[in-house]
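Good morning, and thank you for joining.

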Amino acid sequence: MAANPPGPDKNRAAILAELNKEKRRLIQSQSMNSPGASIPLSRPAVNKEFRDQAEQQHIAAQQKAALQHAHAHSSGFFITQDSSFGNLILPVLPRLDPE
């Protein structure tokens, strides 16, 4: 009884089967037309770790350069510190003892 579905269900099954065939045909033709289509879009975690490490090294180099420039051209004191506002270095104000 389940092998031969009644009218509307039989029609629905035929439509779904036809859609699946068409989908497979389109996917196959697309992969043959564009050789790079089979390359996954997401990159492995290794590449992300490498990129993060390279980015950290670049930021460290920028911080060092900014700190050297600030010390050379200013009489103030500066430190490297992660800032919520994206600043590479922050000025340090000395605390004075109240007299």
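First, the conventions. This is a predicted model, in which local features need pLDDT of at least 70 and side-chain atom pairs count only at pLDDT 80 or more, while totals for chains, interfaces and linings use all residues. Residues are numbered from 1 along each chain as its sequence is written, and side-chain values use heavy atoms, with hydrogens and water left out.

The chain has two helices and two strands, taken as DSSP runs numbered from the N terminus (helices H or I, at least four residues; strands E, at least two). Their order from the N terminus is α-α-β-β. Of the 99 residues, 3% count as buried; here buried means under 20% relative accessible area, exposed over 50%, and partly exposed in between, with a 1.4 Å probe and protein chains only. The accessible surface of the chain is about 9400 Å², and carbon and sulfur atoms account for 58% of that surface. Areas come from the Shrake-Rupley method with a 1.4 Å probe, and for residues only the protein chains shown count as cover.

Let me turn to the charged pairs. How many salt bridges does a search of the whole structure find? The search finds two, a salt bridge being a side-chain nitrogen of Lys or Arg within 4 Å of a carboxyl oxygen of Asp or Glu. One joins aspartate 9 to arginine 12, with the closest N and O atoms 3.8 Å apart. Aspartate 9 is partly exposed at 39%, whereas arginine 12 is exposed at 53%. The other joins glutamate 22 to arginine 25, with a closest N and O separation of 2.4 Å. Both of these residues lie in helix H1, three residues apart, about one turn of the helix.

Helix H1, residues 7-33, also holds isoleucine 15. Together with Leu16 and Leu19, Ile15 forms a nonpolar surface patch with about 280 Å² of accessible area. Patches are made of residues with over 30% relative accessible area and no salt bridge, like charges being joined within 9 Å and nonpolar side chains (Val, Leu, Ile, Met, Phe, Trp, Tyr) within 5 Å.

Finally, glutamine 63 lies in helix H2, residues 45-73. Is glutamine 63 buried or exposed? Glutamine 63 counts as buried because its relative accessible area is 14%. Leaving aside residues up to four places away in sequence, glutamine 63 touches Thr80, Gln81, Asp82, Leu88 and Ile89, where contact means heavy atoms within 4.5 Å.
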